[in-house]
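This report describes a protein chain from its coordinates.

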Amino acid sequence: SAAHSFPDKFRLFPVPRGSLGSLRPLPLEASPLGSLRVRVMAVGLNFRDVLNVLGMYPGDPGPPGGDCSCVRSSGGGFHSVGESVFGLSSGCLGTHSVAWRESLAPMPL
């Protein structure tokens, strides 16, 4: 099998849309001011994500993935680095994602 070289922190994006096989790892963009960088542990995928990747969703749906379980890795706010959190993060299908602190909550014990 061929060896693959992936960025250290990436999200999967269809290049181009039209097939699940077109998902490619793209480097994670810089975090906007006021956001948190999180390490993704699990992603909730739904039918909208499948339609998105296949190019069958009307308009531009943006990157696949919308809700996730994660561990905070950087950024300011009321969540501690290393804290397990869950919530909404657009384009969270990958190793890391960028989320707004208001869209995350501490993981229940």
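The sections below treat the model, the fold, the sheet, the cysteines and selected loop and strand residues.

## Basis of the model

The model is predicted: local features need pLDDT of at least 70, side-chain atom pairs count only at pLDDT 80 or more, and totals for chains, interfaces and linings use all residues. Residues are numbered from 1 along each chain as its sequence is written, and side-chain values use heavy atoms, with hydrogens and water left out.

## Overall fold

The protein chain contains one helix and seven strands; helices (H or I, at least four residues) and strands (E, at least two) are DSSP runs, numbered from the N terminus. Along the sequence these elements follow the pattern β-β-β-α-β-β-β-β.

Along the principal axes, the C-alpha atoms of the protein chain fill a box of roughly 40 × 35 × 30 Å.

Of the 109 residues in the protein chain, 33% are buried. Buried means under 20% relative accessible area, exposed over 50%, and partly exposed in between, with a 1.4 Å probe and protein chains only. Among contacts (heavy atoms within 4.5 Å) between residues at least 6 apart in sequence, 55% join residues at least 24 apart.

Five strands form an open sheet in the order 6-3-4-5-7, with antiparallel pairing. Strand 6 (96–100) and strand 7 (104–106) stand at the edges; each has a single partner strand, so one side of each is left without a neighbour in the sheet. Neighbouring strands of this sheet are turned by 45° against each other on average, direction ignored; the axes are lines fitted to C-alpha atoms, for helices over the stretch in contact, and angles run from 0 to 180 degrees between N-to-C directions.

Two strands pair if DSSP finds at least two bridges between them. Strand 4 and strand 5 run antiparallel and are joined by five bridges, with Val-71 opposite Ser-84 in strand 5. Strand 5 (residues 84–88) also pairs with strand 7 in the antiparallel sense, over three bridges. Here Phe-86 has Ala-105 in strand 7 as its bridge partner.

## Cysteines

A disulfide is taken as a pair of cysteine sulfur atoms within 2.5 Å, and by this rule the count is zero. For Cys-68, the closest cysteine sulfur is that of Cys-70, at 3.9 Å, which is too far for a bond. Cys-68 is buried, with a relative accessible area of 7%, and Cys-70 is buried as well, at 1%.

## The loop between strands 1 and 2

Pro-16 lies in the loop between strand 1 (10–14) and strand 2 (23–27). The peptide bond that leads from Val-15 into Pro-16 is cis, with omega near -10°.

Ser-22 is found in this loop between strand 1 and strand 2 and counts as buried at 7% relative accessibility. A polar contact is a pair of N or O atoms within 3.5 Å; within protein, one must be able to donate a hydrogen and the other to accept it, and residues adjacent in sequence count only if both atoms are side-chain atoms. A polar atom of the Ser-22 side chain lies 2.7 Å from the backbone oxygen of Pro-16, and the Ser-22 side chain reaches the backbone oxygen of Ser-19 at 2.6 Å. Leaving aside neighbours within four places in sequence, Ser-22 is in contact with Phe-13, Pro-14, Val-15, Pro-16 and Arg-17.

Ser-35 belongs to strand 3 (residues 35–44) and is buried, with a relative accessible area of 7%. A polar atom of the Ser-35 side chain lies 2.6 Å from the backbone oxygen of Pro-32.

Gly-82 is found in the loop between strand 4 (67–74) and strand 5, where Gly-82 counts as partly exposed at 48% relative accessibility. Gly-82 and Arg-72 are ten residues apart in sequence, and their C-alpha atoms are 5.2 Å apart in space. With neighbours within four places in sequence left aside, Gly-82 is in contact with Val-71 and Arg-72. Val-71 is also the residue that stands opposite Ser-84 in strand 5.
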